[in-house]
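The exercises below are meant to be worked through with the sequence and the model side by side. Please try each task before reading its solution.

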Amino acid sequence: MKSFEGYKKGVNLGGWLSQCDHTKERYDSFIHKEDIEKISSWGADHVRLPIDYNLVEDNNGNVIEKGYEYIDNAIKWCGEAGLNLVLDLHKTAGFSFDKGENESGLFDSEALQERFYKLWEKLAERYASYSDRVAYELLNEVTDKSYSDAWNKMICTCIKRIRAKAPDTTIIVGGYWNNSPDALPDIADPEDDNTVFSIHCYDPLNFTHQGAPWVDGMDTSFRMSFDEKEITPEYFEERFSAAIKTAEKYNTALYCGEYGVIDRASPEDALKWYKAIHAAHEKFNMSRCTWSYKQMDFGLSDERMSGVIDELVKYL
C-alpha cells in the first residue's frame with residue numbers, strides 16, 4: 001500500500017464554505033488565517049477544505065468568481081503555515097450526503113453529471129499549479145449502494161477530464177455508504193497512478209454520534225461512555241481491513257478523510273477514542289483528517305475541549 005505523503009495528519013474545516021448558510025458574513029467570519037496557524041501548531045500537515053457548489057456557482061451553473069477567492073485565501077494561508085490542502089467537493093448540483101439539502105438526481109442525469117465534470121475542470125485548471133500541495137477529492141460521501149455503478153463510471157470520466165487540466169494533482173475518491181470501509185472493495189479501478197482511496201470512520205456510531213438528532217432512530221438523550229474493552233486498536237484494525245486490502249490490490253494509498261467524536265461525549269472519553277483509532281492509523285501508515293476544527297458538533301478548538309486538546313492533538 002502506498003503512502004500519501006504530506007497528508008498524514010489533518011484537520012477538516014467543516015462549516016466554513018460548506019454545510020453553512022452561504023452568506024458573505026459566514027465566509028468572512030468563520031475561519032481566519034490565525035485558525036490555520038493554530039492547526040499547524042497542533043502538528044498537522046494539512047487541512048481538508050469542504051466546499052459546496054453554491055460557493056462558486058449559482059443555481060444555473062454560472063460562475064461566482066468571489067467564491068473562488070475564499071479558496072484562494074485558504075490555499076495562501078496554508079502555504080504560509082506550511083500546510084497542504086485537500087479540496088473536497090462536499091455538495092454538487094444534484095447530490096448531497098445530507099438529505100436535508102434536497103439535492104437529487106445526479107446519478108441518473110447526464111446533464112447534472114456534465115455540470116459536475118465542468119465544475120471540476122474549472123477547479124482543476126485554476127489550482128493545477130499547486131499540485132505539490134493541493135489534492136482534489138471528487139465528492140463527499142456517496143450514500144446509497146444503488147449509486148455504485150453510476151459513481152464508478154463518473155469517477156473514471158471525471159479523472160480523465162481533470163487530467164487534461166491538472167496532470168500532476170493527486171485525486172481522492174471513495175465508495176458508497178458514506179465512504180464506508182466496507183464499500184471500498186466495490187470501487188472501480190481508477191486506472192490512474194496518482195489516485196488515493198478515501199474512507200470515513202465514526203465507529204462505533206452509538207459512541208461517536210450519541211444523542212445526534214440527525215441519526216435515524218437516535219434518542220437525543222442517549223449517552224454512552226467509552227468502553228475500553230470494545231473500542232480498541234484491534235477493533236479499528238478490523239474495521240479498516242477491507243479498505244486496506246482494496247488499497248493493496250490497486251497499489252494506492254488510503255486516506256481516512258473524516259473521523260471524530262460528537263460533543264455530547266465527554267472530552268476525556270473523546271481523547272480515549274482518539275488514542276485507540278490513532279494506534280490503528282499508525283500501524284497501517286494511514287493518512288487521516290479529523291472532523292472537525294470548529295463547532296459542527298465536533299469542534300476540537302471549542303472551549304469545552306480546552307482541558308484535553310494539548311494531549312489529544314498528539315493522537316490526530
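**Exercise 1.** Is lysine 91 buried, partly exposed or exposed?

*Solution.* The model is a predicted one, in which local features need pLDDT of at least 70 and side-chain atom pairs count only at pLDDT 80 or more, while totals for chains, interfaces and linings use all residues. Residues are numbered from 1 along each chain as its sequence is written, and side-chain values use heavy atoms, with hydrogens and water left out.

Begin with the cut-offs: buried means under 20% relative accessible area, exposed means over 50%, and partly exposed lies in between (1.4 Å probe, protein chains only). Lysine 91 has a relative accessible area of 5% and is therefore buried.

Next, look for its partner: the side chain of lysine 91 meets that of glutamate 101 in a salt bridge of 2.9 Å, N to O, the term requiring a side-chain nitrogen of Lys or Arg within 4 Å of a carboxyl oxygen of Asp or Glu. Glutamate 101, with a relative accessible area of 26%, is partly exposed.

Helices (H or I, at least four residues) and strands (E, at least two) are DSSP runs, numbered from the N terminus.

**Exercise 2.** Which residues are linked with Arg48 in a network of salt bridges?

*Solution.* The network links Arg48 with Asp88, Glu137 and Glu258. Within this group, take the pair glutamate 137 and arginine 48, whose side chains meet in a salt bridge of 2.8 Å, N to O. Glutamate 137 belongs to strand S5 (residues 134–137) and arginine 48 to strand S2 (residues 46–52), so this pair ties together parts that are 89 residues apart in sequence. As for burial, both glutamate 137 and arginine 48 are buried.

**Exercise 3.** Which way do the residues of strand S9 point, and how does S9 pair with S1?

*Solution.* From strand S9 (residues 287–290), Ser287 and Cys289 point one way and Arg288 and Thr290 the other way, and all are buried. Strand S1 (residues 9–12) runs parallel to S9 and is joined to S9 by 3 bridges, where pairing requires that DSSP finds at least two bridges between the strands.
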